[in-house]
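This report covers a helix pair and a set of salt bridges. The sequence and the structure come first.

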Amino acid sequence: MAFVVAMALAVALALALVQLTEGVFPWQEPPTSFRNKCLAYRPENSIDEATRTELAFIPAGTNLTLVDNDASCNRPNQVVGTDLCRVSLHIPTSTRSGIVYELWLPETWNGRLVTTGNGGIDGCIKYEDLAYTSANGFAAVGTNNGHNGTSGIQFLNNEDVVVDFAWRALHTGVEAGKTLAKLFYGSTVSKSYYIGCSLGGRQGIKGAEKFPGDFDGIVAGAPAVDFNNLYSWRASFFVITGPESSPGFIEPDVWKMVIHDEVLRQCDLIDGVADGIIEDPSLCEFDPEALQCDSTGKTDECLTPAQVDIVRKVFSPLRWSEGTLLFPGMNPGSEMKTADGLYDGQPWPMSEGWFRYAVYNDPDWNPTNFTVKDAAIADIKDPGGIRTWPSSLARFQDRGGKLLVFHGQQDNQITSFNTPRFYDHLSQGMGYSPAQMDDFFRFFRVSGMFHCNSGPGAWVLGQGGNAAAEGVPFDADHNVLAAVVDWVEKGVAPDTMTGTKFVNDTVSLGVDFKRRHCKWPSRNTYLGDGRNPKNPDSWDCKG
C-alpha cells in the first residue's frame, strides 16, 4: 500500500514539475484556459513559408520589452492593456524580401480585425496602436512594412522591399490576420478595419484603391497622398531656407517668436476668437512684408528683404518649371514645429533617404542640389507604385467601404491644404458632389492640431495609442475608430468629430475644452455674442 501511495505521489510530483516548467499552475487555471489556448497555437502552419519568432500569453498590465525592435524606431517597450496572445512571424513576400508581422489576439474579442499603419519611410511597427486597439477588443495587426528602422537604406537596389513598403506589406498583413484570427477564435472576422496617420493615412487609401476587399472601414489621418511630390516638396525647403551657415538663414527662435506671432496677429482673429488657433488657415493670406525691417536697420524683431522672400516662398505652392502646381504651400500656424524640422537648415532626412535609396539607388546623391528635375524623375519612376492619387474609389464604395479622413490644420509635416486638394481630385474623377462623396468618404479638418497629434487645439480624437487617447470615450462622437465602426455596422455616419484638449495635454489634469470639427466642405464658425469659445455649442458648421 505504501508503495502505491509513493508511486501516486511521484506521478503527481512529475506532472506538477511539467506544469511548472510550462508555467501552468493547475490550481489557478483549467486546461482550457486562454493562456493554454495561446501557447498551443501554431500560426506558422497556416501561412505559406512563415517562421514563428514569438508566441506568448501577455497578461494585462505587462510592460512588454521589445528586444528585437530596431533602436531607431524609439519603441523599446510597450504596456499591454488587456490579456492577449501575442504572435510574431516572419512572412516572405519574395525571394529577397519579407515582413516582420505582429498579431495581438485579445481574450475578449469583439469579432473585428484592425490593421495599423506606419510613418515616414520607416519600418517601425506602432506597438502603441496594437496595444490601444487590442485593449478595445480588436484583433490587431502590424508589420514593419518590409524593412527595419527609419532610414530606408534597405530600399537600395531592392525593388521588392520598395514594393513591400508601398503596398504589399499591408495587404499581406491583413490577409494573414483574417486567416489567423479565424483559426484562433474559431469564427470568421466580422469586419476588417484600418487606422493610420501620415504615411499610415496614405497606406489606408492605397489599400482602398488597390485591394478594396481588404477593409470595411478606414481611418486615414493626414494622408501622405501624392507621395513622391510630397517628398519633393519637403526636399525643397532646404533649397529655400539655405543651411544654418548662410547669411539670410532664419533661426528657429525667429520662426517661433517673431514670424509665428505675426501669423497669429494677422490671422488668429479671422475666426472671431484670439486663442492661438487658426480655425481655417485657408482664409489666412499671410503677408510677411509686415516684418521687413525699416530704414533704421535689422533687429531681432524684423526680417531682411531676403528673409521676407524666404518666408513668402515657404508659404507658396511648389510649382513645376512651366508654372503648374507640384504641391500646395505650407499652412500658416505650423511655425512652432517646422522651425525645428523642415526649416532647420538641414536636408529633410526622409526626403533624402527616399531619393537616395528608392528613386536613384545612389547613396551618394546630394540633397543640397535638389531641383524640380529631381521631382520629375521621382514622379515618373513612382517607386513601387507608391504615389497614391486615385481618381476613383468606386470599387471600395461599391462593396460598402467607408473612409474617414482627418487632417490637423496646423500640420507641420504635410500641409493641410493637400487633403482638400485630394478630396477635390477624387470627387471630380468620380463626378461626385459633396453629398455623393458623403456616402463613403468624410473628411474632417481639425483646428489647432499639428502632425497627427498635439497642438493648441482640441486634437484628441482617439486616433492612436498616445496617452491622451485613453482620456476620451470609445464612442462615435469622440473617437475616429469608433465612428467608422458605427458607420460601417450601423449605417450611422459622422457629421462632426468632437476633439478634446486636455490641460497641458495631460489627461490627469482634466479637460480644457472640446470642439466639434466639421465635415468638409463646411467651415467651423464661431457664433459670437459673448459666447464662451471653449464651449463646443459656441461653434457651428456652415458653408
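Which residue forms a salt bridge with Asp309, and how far apart are the closest N and O atoms? The partner is Arg312, and the closest N and O atoms are 3.7 Å apart. The model is predicted, and side-chain atom pairs count only at pLDDT 80 or more.

## Salt bridges within helices

Asp309 and Arg312 both belong to helix H8, where 3 residues, about one turn of the helix, lie between their positions in the numbering. Asp309 has a relative accessible area of 30%, and Arg312 has one of 32%. Buried means under 20% and exposed means over 50%, so Asp309 at 30% is partly exposed. Arg312 at 32% is likewise partly exposed.

Glu352 and Arg356 are 4 residues apart in H10, so about one helical turn separates them. Both Glu352 and Arg356 are buried. Elsewhere, salt bridges with shared partners connect Arg96, Asp160, Asp164 and Arg168 in one network.

The salt bridge count for the model is 28. Asp280 and Arg445 are both buried.

## Packing of H6 and H10

Helix H10 (residues 349–359) also meets helix H6 (residues 227–241): the two axes come within 8 Å and cross at roughly 125°. H6 is therefore oblique to H10. How is the crossing of H6 and H10 handed, left or right? The crossing is left-handed.

On the H6 side, the contact involves Phe227, Asn228, Tyr231, Ser232, Arg234 and Ala235. These meet Met350, Ser351, Trp354 and Phe355 in H10. Sorted by class, the contact of H6 with H10 has 6 nonpolar, 3 polar and 1 charged residues.

Terms used:
Residues are numbered from 1 along each chain as its sequence is written. This is a predicted model: local features need pLDDT of at least 70, side-chain atom pairs count only at pLDDT 80 or more; totals for chains, interfaces and linings use all residues. Side-chain values use heavy atoms; hydrogens and water are left out. Axes are lines fitted to C-alpha atoms, for helices over the stretch in contact, and angles run from 0 to 180 degrees between N-to-C directions. Helices (H or I, at least four residues) and strands (E, at least two) are DSSP runs, numbered from the N terminus. Angles under 35 degrees count as roughly parallel, over 145 as roughly antiparallel, 65 to 115 as roughly perpendicular and the rest as oblique. A crossing is left-handed if the near helix is turned anticlockwise from the far one by less than a right angle, and right-handed if clockwise. Contact means heavy atoms within 4.5 Å. Ala, Val, Leu, Ile, Met, Phe, Trp, Tyr, Cys and Pro count as nonpolar, Asp, Glu, Lys and Arg as charged, and the others, Gly among them, as polar. A salt bridge is a side-chain nitrogen of Lys or Arg within 4 Å of a carboxyl oxygen of Asp or Glu. Buried means under 20% relative accessible area, exposed over 50%, partly exposed in between (1.4 Å probe, protein chains only).
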